[in-house]
Amino acid sequence: MIDILKTRLIHWKKQWMSLLFWLAFPTIGTILIIYTTTAIQQDSQVPVGIVLEENTPLASELYHTIQQTPLIRVVDVTEAEAKRKVETHELDSAFIIQEGYEEKIQKGNRNWLIKSYTSDLSFAYTPVKEMIISLVQEDTGRTKTAHIVRQISEGSSKQWSIEEIIVKAKEIQQEENLLRSTFSFADGEQSRSENEVTIWNTWGLWAVLSALSTLLIFDWVIKERKPILFSRYAFMRFSVKSYFLQNLLIYTIILFIIDLTTAYLFHVFLNEELTLNWAVLLFIHRLTMNTTAFLIGLLFRQILVYYSVSFVIALFIAIISGAVLPNDGLTSRFTWLEILNPLHSFLNEEWMNPWIIVCVVLIAIWKTRGVESHA
Amino acid sequence: MLSVESLSKSYGKKEIFKDISFSVQPGNIIGLVGENGAGKSTLLSILATLQSPEKGSIALFELDYKSKKREVRKHIAFVPQDIALWEDLTVEENMMFFEKLSWKKKGKEELKQLCSNVKLDRWNERVKTLSGGMKRKLNLAVSLIHDPELLLLDEPTAGIDLKSRKEIGNYLKKLALENGKMIIYTSHDMDEITNLCDQIICIGEDPFYQEILTETGKNILSF
């Protein structure tokens, strides 16, 4: 094994730049894509000024709800600053949660709760205004409901406070949320609520880039499968097949170490979890990818054809895996796509992967098949 | 000693050769001649354990080819007609690469010496930049890393310049005489064959070869 590793080092010495590039490509590519898209997403948020004139729970809640809206970047300002910044177009628009907001809501008063500033260039004013109005209406609606429930329940044995009714109303609203999106990536979650906008599934994106880089790294299977060289192996300690399988093992160990480093980097830079379960999943995934790439490599003799097919396979995986593009529409119509998807088990955090069983069996058949004349 | 008894081979219904028997003693150089398609390369492949005969038996130092194939291979060097080297690697890297996979461990200096024995001194040059003659010399040197007793060479001097041809020939002669190696090789160059070989095996029925070989006065076996 050490001697095989030494022969591998002789080859790597000649191609260290391309090898290094493809080894780092999935990790660095994923981090860069996520950082870039996050930065673009943040830059494209509409700057909206919010003036909070009172610190009552209801006013603060409204403020936090606006703040959590993904397409809005809330800027805390005073009223004077708000006016000036809207005039100079530093802010798209500004909204003032006026003093007495909570009191007016509780009294069922719906007028003059929020004041706004806008300019002729406030392109997002109308949707932001509508959103804030709907939030305020939720508050007023809940308060009105609470008052009505109180009136109805007067004289009955069970009496609820206004606060209790409002809390219950919120619970019911959350449980029966009408507006939920099924726009989801293949990461195990069935759906995301509308305000959780996640552009990429980190491991999904990595898995697709990693599939491409693994296929390209495994071009050695074609480059080193020269029939003319096979006759040499017959007179050496290792048969051709043994040489290839030991190289497969070396690549698996090295790429798994890179995968573990990736998990650590994702934990540091992208706050992804770092657990033993992930290490096991990564190992199974790595074994699946490497054995698949190895078997695909064995099917080809022309390196350029192999490279072209590698890109097509990576594209196919990207589409059917749901790792890069949402795939609910596809997988709900064609359920067999999930079976074809080699990333399915990994992205769903399942240890059992049918692909690896198929690949290991095929490799075992390849190893024992027929009489190898030069072995 | 290599002992070949009643060897026959055919591909389907086509008989390639029949009942070939001969033996090779240490220090002997045997030339295999015959027209194209007569079965020289097939015989060489069988002697190299890369193909199996239909009938007959072969033993190398009393090791039977059928039952002790792996053991037999440790004593054989097969130099293919094509250049079986890594073109992108240097001479040194090729020697180091195949040494790592070899039965016998050799140091860098020993490998360098092996190259200089075949008059190959471009240690740091990439194979793809070497001349045809240099490549042939390296092809031979790589096959000798594990110190084999039996050398099987398939047209080792094909398509190379006269100087390289002479150098390879002289080295083979030296290996046989000084190191007691058994050498069997194919060639179309009759001068080379008659100069180098102690015995000539002619395969095929072409009278042209028979006539030429008779004139050489060498020990000739025809099949």
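**The A–B interface and the nonpolar cores**

Start with the largest nonpolar core: 77 residues. Those with the most contacts inside it are A:Phe218, A:Phe294, B:Met95, B:Leu138, B:Leu140 and B:Ile183. Such a core is a set of buried Ala, Val, Leu, Ile, Met, Phe, Trp, Tyr and Cys residues joined through side-chain atoms within 4.5 Å; buried means under 20% relative accessible area, with a 1.4 Å probe and protein chains only. Helix α11 of chain A, residues 240–270, gives the most to this core, with seven residues.

A caveat: this is a predicted model, where local features need pLDDT of at least 70, side-chain atom pairs count only at pLDDT 80 or more, and totals for chains, interfaces and linings use all residues. Residues are numbered from 1 along each chain as its sequence is written, chains are lettered from A in the order in which they are written, and side-chain values use heavy atoms, leaving out hydrogens and water.

Take B:Leu140. Leaving aside residues up to four places away in sequence, B:Leu140 touches B:Val79, B:Val118, B:Leu153, B:Ile168, B:Tyr171 and B:Leu172. Contact means heavy atoms within 4.5 Å.

Now the interface. 30 residues of chain B are in contact with 25 residues of chain A. The buried area is about 2500 Å², and carbon and sulfur atoms give 64% of that. That is accessible area (1.4 Å probe) lost on putting the two parts together, summed over both.

How many salt bridges cross the interface of chain B and chain A? Three, by the rule: a side-chain nitrogen of Lys or Arg within 4 Å of a carboxyl oxygen of Asp or Glu. A:Lys14 pairs with B:Glu93 in a salt bridge, closest N and O atoms 3.1 Å apart.

Note on methods:
Buried < 20%, exposed > 50% of the residue type's maximum accessible area, 1.4 Å probe, protein only. Helix = DSSP H or I, 4+ residues; strand = E, 2+ residues; numbered from the N terminus.
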